[in-house]
Amino acid sequence: MAYQPIENYGMVGDLRTVALISTQGSIDWLCLPRFDSPAVFGALLDDQKGGSCGIWPADTDVTFRQSYWPDTNVLVTRFFTDSGTVELIDFMPIHHEEQALGDCRQLIRIVTASRGSMELRLHCQPAFNFARDAHDVREVETGVVFNSETLVLGLSATVPLEVAEGQVTARFTLSEGDTAAFVIHELPNADAPLDSADIDGANAQFRATVNYWRKWLAQSRYRGRWREMVHRSALALKLMTYAPSGAIVAAPTCSLPESIGGSRNWDYRYTWIRDSAYTLYAFMRLGFTKEAGRYMRFVAKLCDKTARSDGPLQIMYGIDGRRELDEEILDHLDGYRGSKPVRVGNGAYGQLQLDIYGELLDAAFLYNKYGAPISHGLWLNLRDIVDWVCDNWRRQDEGIWEVRSGRQQFTYSKLMCWVAIDRGLKLADDRALPCDCVRWRECRDRIYMDIMEHGWNEELQSFVQYYGGETLDASLLTMPLVFFLSPTDPMLLTTLQAMMRSPKEGGLLANHLVYRYNVQHYEDGLDGEEGTFNICTFWLVDALTRVGRYHPDYLDTARLIFERMLGYSNHVGLYAEETGARGEGLGNYPQAFTHLALISAAVNLDAALGSEDK
């Protein structure tokens with residue numbers, strides 16, 4: 001099938017991996033057995049060679065609709081034709097968070113005719129190891145088994161399957177009330193038995209999965225105006241959590257382009273210290289302290305390993321905590337709509353990004369305050385990190401956006417170094433924990449004055465991306481969010497005004513959407529254009545909300561931008577990393593960073609608006 005728009009996908013998962021399923025019923029992305037494993041269905045990155053598993057009507061005149069079963073991550077795709085209506089339900093069962101279905105994954109597809117009758121087609125052609133490994137197919141009594149060198153996949157069905165040339169097909173007709181079931185199994189080896197597909201069993205799994213998600217979501221404390229979108233974001237973030245370790249991936253995909261045909265294509269199937277810390281904040285705000293606790297235990301292990309290695313934290317790690325994420329280009333894949341190169345692994349893991357320490361210490365501070373008191377061992381490691389920041393905050397780095405044009409004195413990096421020391425001091429003060437508080441206070445104050453002197457551009461009347469520069473940067477919208485600047489500070493107000501000008505005027509705002517920086521004004525070492533960054537738009541909403549508590553006009557603007565931004569989600573409430581000029585999704589999808597920023601903006605804006613219009 002031809003490439004679908006990035007935003008045409010819903011997501012299902014089992015807290016180990018996810019599948020992306022298009023509005024036309026095709027599974028075009030699935031990595032097994034984990035988020036960061038090679039893709040077995042990867043048509044998103046090559047519609048000819050990547051592999052997919054689709055179910056669709058034989059009729060060509062079809063209307064497609066897709067939605068989530070309410071309050072769950074169970075996906076429903078409907079096919080409408082003149083002859084009938086069919087409902088396709090997709091989900092991955094979760095028996096226990098720590099051990100979802102043992103060591104093997106399952107994806108269940110239930111197809112039911114709800115009106116009339118319809119002839120349907122199934123086509124399943126995996127492409128193991130990003131289409132690099134050959135496989136054979138053999139029929140067994142309960143279905144078919146795809147056997148490759150590194151992975152074995154089974155497909156069982158309640159309708160007859162046909163095997164030819166490494167792929168499986170089926171043609172079947174359902175009349176009103178009829179149901180068919182298909183189960184994709186990861187098998188431990190080629191000799192393992194393949195369980196048969198069973199409609200009663202599939203329906204029982206469906207009910208159990210619905211109950212799991214509804215029970216989980218019921219823990220949310222959010223009762224505000226935008227409950228549906230906030231809860232959908234929470235469900236998406238939970239799907240991007242790797243249950244065995246508590247790590248959270250930045251996105252479950254790799255190499256989806258930031259501009260079609262461009263080269264800004266990265267692998268996001270890892271856990272960024274920065275992204276995960278913000279995600280922890282979002283979970284804490286909604287009351288999901290269990291997820292926050294698991295992540296903090298994951299971070300504590302990383303800090304402990306770092307302390308023993310006597311070096312700084314990496315900006316990202318594997319979901320199992322591994323350090324090396326070597327970047328590789330897959331030349332044999334065409335890339336999404338011809339967007340090359342296709343990259344797996346991420347060479348940025350070796351970059352220096354000083355801002356991560358601020359996000360980490362802020363997360364630890366919040367968890368200690370609203371979750372559970374941190375341990376003595378974690379405090380000792382965090383204390384070492386703050387000491388390291390005191391020694392190294394003056395260094396140049398690659399910054400939050402992971403530029404590949406060389407290091408700079410990025411203002412945001414300095415800002416978050418200030419946050420790291422400030423939150424370290426607050427932690428120590430709250431718990432009477434030992435530290436060199438005199439040195440820390442002196443260093444924190446020194447960083448503050450350094451930012452005010454060198455991060456400010458008098459001509460632009462704005463803080464800028466790096467010291468001595470003239471480029472605006474949306475990351476500095478976080479200044480009031482981390483309590484560096486007062487919401488009433490004139491320097492913040494003029495910075496907001498500068499950023500809210502159009503890109504042609506040197507600003508970052510286009511159609512109420514925010515660019516992270518103006519690529520025309522800053523050489524970041526990468527070719528091509530990019531869309532507006534969704535997280536940056538929500539940061540603007542958050543910043544305007546803080547200011548709006550004292551200037552009501554800003555609060556009205558915050559609500560306007562926020563509710564416009566909600567309209568840029570896709571049909572099931574998910575966001576990619578960026579939004580293109582035509583409203584299309586760009587970059588890896590769905591993006592955890594975007595959804596956590598939506599939650600923060602919604603919670604804070606709702607609180608600022610109070611009970612009015614609820």
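In this predicted model, helix α6 (residues 356-370) and helix α7 (residues 376-392) pack at an angle of about 145°, with 11 Å between their axes. Their crossing is left-handed. On the α6 side, the residues that touch are Y357, L360, L361 and A364, and they meet L382, I385, V386, W388 and V389 of α7. Sorted by class, this contact comes out as nine nonpolar residues, with no polar and no charged ones. There is a handy bit of helix geometry to keep in mind here: an α-helix has 3.6 residues a turn, so residues three or four places apart point the same way.

Helix α6 itself has 15 residues. From its first C-alpha to its last it reaches 21 Å, close to the 21 Å expected at 1.5 Å a residue. It's also mostly covered, with 13 of the 15 residues in α6 buried.

Next up is the pair α3 and α4. Helix α3 takes in residues 227-239 and helix α4 residues 273-286, and the two pack at about 130° with their axes 11 Å apart. An angle between 115 and 145 degrees is neither roughly perpendicular nor roughly antiparallel, and α3 and α4 are therefore oblique to each other. The crossing of these two helices, α3 and α4, is left-handed. Who touches whom? From α3 come V230, A234, L237 and K238, while α4 brings T279, A282, F283 and L286.

Helix α2 (residues 199-217) packs with α3 at an angle of about 115°, the axes lying 11 Å apart. This time the crossing, of α2 and α3, is right-handed. Y212, W213, W216 and L217 of α2 make the contact with H231, A234, L235, K238 and L239 of α3. By class, that gives seven nonpolar residues, one polar and one charged. Notice that A234 and K238 turn up here and in the contact of α3 with α4 as well.

Along the sequence, E165 and E258 are 93 residues apart, and in space their C-alpha atoms are 35 Å apart.

Note on methods
Residues are numbered from 1 along each chain as its sequence is written. This is a predicted model: local features need pLDDT of at least 70, side-chain atom pairs count only at pLDDT 80 or more; totals for chains, interfaces and linings use all residues. Side-chain values use heavy atoms; hydrogens and water are left out. Axes are lines fitted to C-alpha atoms, for helices over the stretch in contact, and angles run from 0 to 180 degrees between N-to-C directions. Helices (H or I, at least four residues) and strands (E, at least two) are DSSP runs, numbered from the N terminus. Angles under 35 degrees count as roughly parallel, over 145 as roughly antiparallel, 65 to 115 as roughly perpendicular and the rest as oblique. A crossing is left-handed if the near helix is turned anticlockwise from the far one by less than a right angle, and right-handed if clockwise. Contact means heavy atoms within 4.5 Å. Ala, Val, Leu, Ile, Met, Phe, Trp, Tyr, Cys and Pro count as nonpolar, Asp, Glu, Lys and Arg as charged, and the others, Gly among them, as polar. The expected span of a helix is 1.5 Å times one less than its number of residues. Buried means under 20% relative accessible area, exposed over 50%, partly exposed in between (1.4 Å probe, protein chains only).
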